[in-house]
Each structure stands twice: as structure tokens, then as C-alpha cells.
Amino acid sequence: MAITLYELVGRNDLRFSPYCWRTRFALAHKELDFDTVPVRFADKRAIAFSGQERVPVLRDGDRAVADSWAIACYLDEAYPDRPPLFASRTERAMARLINEWADREVNPKLILLVVRDVYDNIDERDRAYFLETREKRFGTTLDALHAAREDRLPAARAALAPARAVLADQPFLAGDEAGYADYILMGACQWIRIVSPYAIIAPDDPVLEWRGRMLALFGGMAADAAALGP
């Protein structure tokens with residue numbers, strides 16, 4: 001059966017969603033071939049078949065699965081003969097903790113730094129929708145957030161402290177080899193790398209060295225993506 005990933009796209013084919021990148025890494029880890037369908041912010045009809053309005057959506061034959069975490073769990077259950085994303089229930093539980101940490105502590109701080117960059121690099125047809133929904137969410141203008149990002153940068157870097165501590169002693173969050181815990185955080189790093197040239201990760205941060213290892217995985221899949229940052 002053909003696997004199709006529906007993922008967010010901006011101008012010049014920028015594929016920047018951190019959650020879609022989690023799924024891209026998961027599919028590569030499972031050694032599964034897949035096609036992609038680009039979805040704009042305001043184009044909810046493209047994924048209406050999934051019964052909800054957010055990407056990523058995975059279509060595997062007649063099965064539709066939404067949400068990057070649910071997709072990862074599905075892939076292990078549907079393709080047990082392929083390399084596992086979670087070698088045990090314990091490993092899956094620990095990866096879920098990383099998932100929650102990234103969603104609650106990392107991504108909310110990163111978005112405040114790059115939200116104007118996202119706006120600048122999405123399709124013209126999405127801009128009114130994005131501006132209205134994001135300024136309502138954050139309670140201020142995108143320009144105000146952009147102007148204050150130097151003040152917010154220390155908090156964003158501090159949010160990476162748990163990963164920094166782990167990566168100072170081992171090459172990947174999952175240990176000697178990359179695992180789904182790494183794909184979760186790399187989704188965020190790939191997001192900011194693709195959509196913005198702003199240097200959020202400090203040059204001497206172990207997270208930056210780890211990002212380099214992640215960019216090289218799967219034949220340079222992430223490194224080859226169109227990006228505005230290094």
C-alpha cells in the first residue's frame with residue numbers, strides 16, 4: 001500500500017512544520033517509502049478526510065492517522081518487521097516524556113522568536129489567516145514579537161538545557177544511535193533552520209553538534225531540505 005504524508009508548505013516549497021519533520025524522520029527510520037502532499041495553512045479541505053484540521057496526516061491505504069505521536073505509534077504497530085521506533089513500552093513512555101517537554105517547553109519559546117519569519121515565508125493566500133490567528137493567540141502583533149526576540153532568546157536557549165546536559169555525554173538523546181526522542185527535538189531544530197536565518201542555538205552548544213549529526217542521517221535527508229538558515 002502507498003504511504004502519503006500530508007505536510008505543511010510555505011513559499012518556495014519550504015517544508016517547515018516541526019511535527020511533520022518528526023514524521024519524516026520516523027518514516028525514514030522505519031525504512032518506508034512515502035509520497036508527500038503539500039498543504040497550506042488555510043487549506044483545510046486537503047486533509048478533511050482525516051476528520052480534523054492539522055498536519056501531519058499520514059494516509060496508509062485506507063487508514064488515515066493524524067498527529068505526529070499517533071503516527072509514530074501507528075508505524076510501529078503496522079510495520080513490526082521494520083526497525084522499531086520504540087524497542088519497548090518503557091522506551092515509548094520515555095519518548096512520550098520528551099514529546100511533552102518539546103511541545104510544552106521548547107516549541108512555545110521558539111515560535112516567539114521566528115513567528116514573523118514564518119509569516120514572511122508562507123504563501124500569500126495564507127497570510128491573512130496566519131496573521132489573525134497568531135496575533136490573537138499571542139495577544140500582540142508579529143512585529144512586536146519580532147522586535148523583542150533578543151530579549152526572549154535566553155529563555156529559548158534555557159529551554160534546551162535538558163538536552164544540552166544529555167548531549168554533553170552521549171551522541172544522541174536516545175543513546176549511541178538516534179531514536180524517536182531525537183526526531184522530536186530535531187523537528188524543532190529543523191523548523192527554525194528552514195524558516196529563519198536567526199541563530200537561536202549558540203555556537204558552543206552541544207545541541208548544535210548534535211544537530212549536525214542529525215542533519216547527516218538518512219543520506220542527508222534533513223540537510224538537503226530547502227532552508228533559510230545554515
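Predicted model: local features only at pLDDT ≥ 70, side-chain atom pairs only at ≥ 80, totals over all residues.
Ala, Val, Leu, Ile, Met, Phe, Trp, Tyr, Cys and Pro count as nonpolar here; Asp, Glu, Lys and Arg as charged; the others, Gly among them, as polar.

Residues are numbered from 1 along each chain as its sequence is written, and side-chain values use heavy atoms, with hydrogens and water left out.

Strands first. Helices (H or I, at least four residues) and strands (E, at least two) are DSSP runs, numbered from the N terminus. Pairing takes at least two DSSP bridges between two strands. S1 (residues 3–8) runs antiparallel to S3 (residues 57–60), over four bridges. Thr-4 faces Arg-59 across that pair. S3 also pairs with S4 (residues 63–66), again antiparallel over four bridges.

Now pockets. On a 1 Å grid over the protein atoms alone, a pocket is an open set of points with protein on both sides within 12 Å along at least five of seven lines; lining residues have an atom within 4 Å of a point. Volume is the space filled by probe spheres set on the points, which are joined across faces, edges and corners.

The largest pocket is about 1,000 Å³. Its lining splits into 18 nonpolar, five polar and 12 charged residues. H3 gives the most, eight.

Met-94 and Ile-98 are among the residues closest to its centre. Its lining: 11 nonpolar, one polar, one charged. H3 leads here too, with five residues.

Terms used. 1 Å grid on protein atoms, 1.4 Å probe; cavity = no way out; pocket = protein on both sides within 12 Å on 5 of 7 lines; lining within 4 Å.
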